[in-house]
Amino acid sequence: MGKVTRLINNCCVTGASGFVGRALCLFLRARSCRVTALLRKQAEGPWDDTIIAELGRDELSPPLFSGFDAVFHAAGSAHTFPTGKNAAVLYETVNVRGSVLLARAASRAGVGSFVYYSSVKAMGDPGEHCVDESWHVPPDDSYGASKREAEARVLQIGRESGMRVTVLRPTLVYGPGVKGNLQRMMVAVEKRRFPPLPEVGNKRSMVHVDDLAETAWLVATQSRAENQIYIISDGHYYSTHEISKWMCEAFGREIPSWKLPVSLMRAGAVLGDALEQGFSLRLPLNSEVLRRLLGSACYRSDKIQRELGWQPRRHFKEALPEMIAASRIL
């Protein structure tokens with residue numbers, strides 16, 4: 001791994017109470033870093049102090065960030081929110097305005113490094129391609145557009161102020177405490193409600209939450225990462241069939257010998273689209289769900305490995321036992 005060029009002793013983490021933020025706080029404290037969590041409301045966790053503020057709505061005074069070596073901005077409104085005008089306004093308020101106000105306050109306080117957690121959704125859907133940071137197709141929804149705009153704005157603040165800004169674009173993040181689609185899939189597999197999918201060879205990129213935390217630390221401590229954007233992936237390409245099969249094995253479930261035909265799933269998705277449009281229903285299968293089940297979302301993290309020497313350590317299959325154990329505790 002590349003040579004560390006800046007020491008970090010005191011840092012601020014936004015979104016610290018979330019899945020990604022909490023793992024980052026644990027990682028930072030393990031490296032003897034004093035952690036201040038910026039939260040919407042007071043909470044206990046792996047941090048030493050708190051700042052209470054609602055990003056995008058509250059003004060952020062530069063003195064709040066005085067003395068921090070780095071700010072890790074992991075908070076934001078996620079793409080799991082419903083689409084539409086209200087969602088677009090929320091993304092603009094939290095993801096764009098919140099990030100800009102935070103970066104300005106941090107730069108005026110003299111913070112050395114600012115790491116912005118964006119998303120691969122800041123790029124357009126790669127389809128069947130496996131893409132890197134040179135994929136310049138614009139995002140195709142309001143969530144991705146908000147992340148793309150926030151990236152540009154915080155990078156510009158860094159260039160104008162001298163604060164070192166780096167943007168991370170994580171792929172789908174997994175690990176103990178995971179939420180969202182992966183958690184729902186684990187629950188469905190455990191309860192035998194997940195359909196036996198065919199192997200279609202789709203390629204989906206993911207990254208372990210601890211590997212993501214390590215990349216944040218790495219870019220914050222290396223000057224070469226200044227003004228850079230990095231895709232973060234564990235380097236493996238998983239098919240949905242593989243993921244569901246490994247989940248069955250981890251739960252001790254028998255792997256179904258039969259598979260749903262792709263033609264039947266496509267027909268069901270078309271029917272689901274028609275019923276949703278005609279009757280304002282929300283059905284378990286439509287074209288969007290089918291795309292997530294059988295489509296690819298393939299991204300390459302060669303750039304950060306080449307430039308900073310980072311190497312991912314974790315694999316989804318090996319992480320499943322700890323993910324299942326954590327889900328049962330929760």
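Predicted model: local features only at pLDDT ≥ 70, side-chain atom pairs only at ≥ 80, totals over all residues.

Q: What makes a set of residues a nonpolar core?
A: The members are buried Ala, Val, Leu, Ile, Met, Phe, Trp, Tyr and Cys residues joined through side-chain atoms within 4.5 Å. The largest such core has 63 residues, and L28, F72, L168, M247 and F316 touch the most other members. Helix α5 (residues 209–221) gives the largest share of this core, eight residues. A second, separate core holds 27 residues, including L38, L55, F68 and I229.

Q: Why is T240 called buried?
A: Buried means under 20% relative accessible area, exposed over 50%, partly exposed in between (1.4 Å probe, protein chains only). T240 has 5% relative accessibility, so it counts as buried. T240 is found in helix α6, where H241, I243 and W246 are among the other buried residues.

Q: And why is W258 called exposed?
A: W258 comes in at 51% relative accessibility, so it counts as exposed. W258 lies in the loop between α6 and α7 (262–279).

Q: How do you know that T240 and N202 make a polar contact?
A: A polar contact is a pair of N or O atoms within 3.5 Å; within protein, one must be able to donate a hydrogen and the other to accept it, and residues adjacent in sequence count only if both atoms are side-chain atoms. The side chains of T240 and N202 are joined at 2.9 Å, a polar contact.

Q: Why has R164 no salt bridge?
A: A salt bridge needs a side-chain nitrogen of Lys or Arg within 4 Å of a carboxyl oxygen of Asp or Glu. R164 is buried, and the nearest side chain of opposite charge (Lys and Arg count as positive, Asp and Glu as negative; His and the chain ends are not counted), E226, is 5.4 Å away. The R164 side chain does make a polar contact of 3.0 Å with the side chain of S113, and it reaches the backbone oxygen of A220 at 2.6 Å.

Methods. Residues numbered from 1 in each chain as written. Heavy atoms only, no water. Helix = DSSP H or I, 4+ residues; strand = E, 2+ residues; numbered from the N terminus.
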